[in-house]
Amino acid sequence: LAVLGVQAEALDASSGAVQVMRERGVAAEQCSMWDMTGLERYRTLLLLMNSLGCVGSFPRLREFFVFLHAGAGRGCQVLLDISPPDWAALHAAASSHRRRSGATSPLRFSEREGWASLDCSL
């Protein structure tokens with residue numbers, strides 16, 4: 001990001017990763033995702049390398065999004081990447097949501113194109 005002229009700061013739970021980032025000139029701090037503070041100063045939070053898996057479970061995922069929402073500033077966007085999805089599980093989740101609620105699922109995906117999106121607001 002710095003090469004592109006984007007001001008960025010990094011947080012990582014790994015002391016080794018923080019050390020490498022600092023050696024490469026990145027402003028980096030060691031911190032658990034659950035201990036992040038001062039999020040209101042950011043316009044974008046970028047969670048890379050499957051870091052979202054660190055929350056541990058789907059119930060904790062909602063808890064983590066509530067945590068981010070409470071700390072982030074108005075209009076902040078959260079961008080994240082995850083490992084390739086379990087397509088059968090995505091199909092089952094979307095079908096289950098439609099059966100339970102009769103509404104369109106907030107889960108959108110294209111198995112052919114290799115992407116998935118979950119639209120949610122808190």
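The protein has three helices and six strands, and the model described here is predicted. Read along the sequence, these elements follow the pattern β-α-β-β-α-β-α-β-β. Of the 122 residues of the protein, 23% count as buried.

## Nonpolar core

The largest nonpolar core holds 14 residues, and M36, L52, F64 and L68 touch the most other members. Strand β3 and helix α2 each supply at least two residues of this core. The greatest contribution is that of α2, with four residues. One of the residues named above, F64, has a relative accessible area of 0% and is therefore buried, the limit for that class being under 20%.

## Aromatic contacts

Three aromatic pairs are present in the structure. One of them joins W34 and F64 in an edge-to-face arrangement, with 5.2 Å from centre to centre and 70 degrees between the planes. The angle counts as edge-to-face because the planes are over 60 degrees apart. This pair links distant parts of the chain: W34 belongs to the loop between β2 (27-30) and β3 (44-47), while F64 belongs to helix α2 (residues 58-71), and the two are 30 residues apart.

The two partners can also be described by their accessibility. W34 is partly exposed, at a relative accessible area of 24%, whereas F64 is buried, at 0%. F64 thus takes part in two of the features described here, since F64 is named among the core residues that touch the most other members and also pairs with W34, and its value of 0% is why F64 counts as buried.

W34 and F64 belong to one aromatic cluster together with F67. W34 has a further neighbour of another kind: R60 lies over the face of W34, at 4.3 Å from the ring centre.

## Salt bridges

Side chains of opposite charge can pair when their charged atoms come close. With a cut-off of 4 Å between nitrogen and oxygen, the count comes to two salt bridges. Both are listed below with the accessibility of each partner.

| Salt bridge | N to O distance | Accessibility of Arg | Accessibility of Glu |
|---|---|---|---|
| R41 and E9 | 3.2 Å | R41: 53%, exposed | E9: 43%, partly exposed |
| R22 and E29 | 3.4 Å | R22: 46%, partly exposed | E29: 47%, partly exposed |

The salt bridge of R41 with E9 has its closest N and O atoms 3.2 Å apart. R41 lies in the loop between β2 and β3 and E9 lies in strand β1 (residues 9-12), so this pair ties together parts that are 32 residues apart in sequence. R41 counts as exposed because its relative accessibility of 53% is over 50%, while E9, at 43%, counts as partly exposed.

In the other salt bridge, the side chains of R22 and E29 meet at 3.4 Å, N to O. R22 is partly exposed at 46% relative accessibility, and E29 is partly exposed at 47%.

## Nonpolar surface

L46 is partly exposed, with a relative accessible area of 42%.

Key. Residues numbered from 1 in each chain as written. Predicted model: local features only at pLDDT ≥ 70, side-chain atom pairs only at ≥ 80, totals over all residues. Heavy atoms only, no water. Phe/Tyr/Trp six-rings, centres within 6.5 Å; stacked < 30°, edge-to-face > 60°. Buried < 20%, exposed > 50% of the residue type's maximum accessible area, 1.4 Å probe, protein only. Lys NZ or Arg CZ within 6 Å of the ring centre and 35° of its normal. Core = buried A, V, L, I, M, F, W, Y, C linked by side-chain atoms within 4.5 Å.
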